[in-house]
Amino acid sequence: MRDYSKVSPLIWRDKRFNSLASSDAKLAMLYFATSEHQNSAGCYRLPDGYAAADLGWDVDRYQAARGAVVSSGLILFDEATSELFLVDWFESNPITNGKHAKGTQSLIVRIDSDTIREAAEDAFLASRERFEAGKEEQSSNLTRLTDTRFMNGRR
């Protein structure tokens, strides 16, 4: 369990989120993004009974809501393993450092579902590439700053 994750306020403008016809489906999506079961990889095992109990719903109600969220493309779900992946997880919860990347990668490797694991790996790799590109840009900006006359004491 994580103590912190981000849910972008832009979710309220997301076409897929707004296409969810019921408040149950919208609440289920918010639950998937914020429940104590989620982790830094945005993919985790969530048996129907756990989710239904957390939401205070019967299993049929939960499955109907989850089905709507799957149909919208916001999550992937593998019925055989009860694992899900929040498709845009790394957009709001990007890789922030090497330790974070290593821990997240170790969670993804343990996913049983090939479909979920492969989708999470692709999203993770894209997030890690953006992180590495950001580090290079930050380093370049720092070099430009430290090479100024002011920073070198030559006003």
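Analyst: Asp 114 has a relative accessible area of 45%, so this residue counts as partly exposed. The model is predicted. The side chain of Asp 114 meets that of Arg 117 in a salt bridge, 2.4 Å from N to O. Arg 117 is at 18% relative accessibility, and therefore counts as buried, because the cut-off for buried is under 20%. Both partners belong to helix α7, residues 114–146. They are three residues apart there, which means a separation of about one helical turn. A network is present as well: Asp 14, Arg 16 and Asp 88 are joined by salt bridges that share partners.

How many salt bridges does the structure hold? The count is seven. Two of them involve Arg 66, which pairs with Asp 48 and with Glu 79.

Take Asp 48 to begin with. Its side chain meets that of Arg 66 at 2.4 Å, N to O. This pair links distant parts of the chain. Arg 66 sits in helix α4, residues 59–72, and Asp 48 in helix α3, residues 48–55. They are 18 residues apart. Are Arg 66 and Asp 48 buried or exposed? Both are buried. For Arg 66 the relative accessibility is 3%.

Now Glu 79. The side chains of Arg 66 and Glu 79 meet in a salt bridge of 3.6 Å, N to O. Arg 66 is in helix α4, while Glu 79 is in the loop between β2 and β3, so the pair ties together parts 13 residues apart in sequence. Arg 66 counts as buried, at 3% relative accessibility. Glu 79 counts as exposed, at 62%.

The loop between β2 and β3 also holds Ser 82. This serine has a positive phi of about 60 degrees, although it is not a glycine. Why is that worth a remark? Most residues other than glycine have a negative phi. Ser 82 is at 17% relative accessibility, so it counts as buried.

Next, the strands on either side of that loop. They are part of an open sheet of three strands, in the order β1-β3-β2, with antiparallel pairing. β1 (43–45) and β2 (75–78) stand at the edges. Each has a single partner strand, so one side of each lacks a neighbour in the sheet. Neighbouring strands are turned against each other by 15 degrees on average, direction ignored. Three bridges join β1 to β3, residues 83–86, and these two strands run antiparallel. Which residue of β3 is the bridge partner of Cys 43? Phe 85 is that partner.

Back to Asp 88, a member of the salt-bridge network with Asp 14 and Arg 16. The elements that give two or more residues to the lining are α2 (23–34) and α5 (89–92). Helix α5 gives the most, with three residues. What is the lining made of, by residue class? Nine residues are nonpolar, three are polar and five are charged.

Terms used: Residues are numbered from 1 along each chain as its sequence is written. This is a predicted model: local features need pLDDT of at least 70, side-chain atom pairs count only at pLDDT 80 or more; totals for chains, interfaces and linings use all residues. Side-chain values use heavy atoms; hydrogens and water are left out. Helices (H or I, at least four residues) and strands (E, at least two) are DSSP runs, numbered from the N terminus. Ala, Val, Leu, Ile, Met, Phe, Trp, Tyr, Cys and Pro count as nonpolar, Asp, Glu, Lys and Arg as charged, and the others, Gly among them, as polar. Two strands pair if DSSP finds at least two bridges between them. Axes are lines fitted to C-alpha atoms, for helices over the stretch in contact, and angles run from 0 to 180 degrees between N-to-C directions. A salt bridge is a side-chain nitrogen of Lys or Arg within 4 Å of a carboxyl oxygen of Asp or Glu. Buried means under 20% relative accessible area, exposed over 50%, partly exposed in between (1.4 Å probe, protein chains only).
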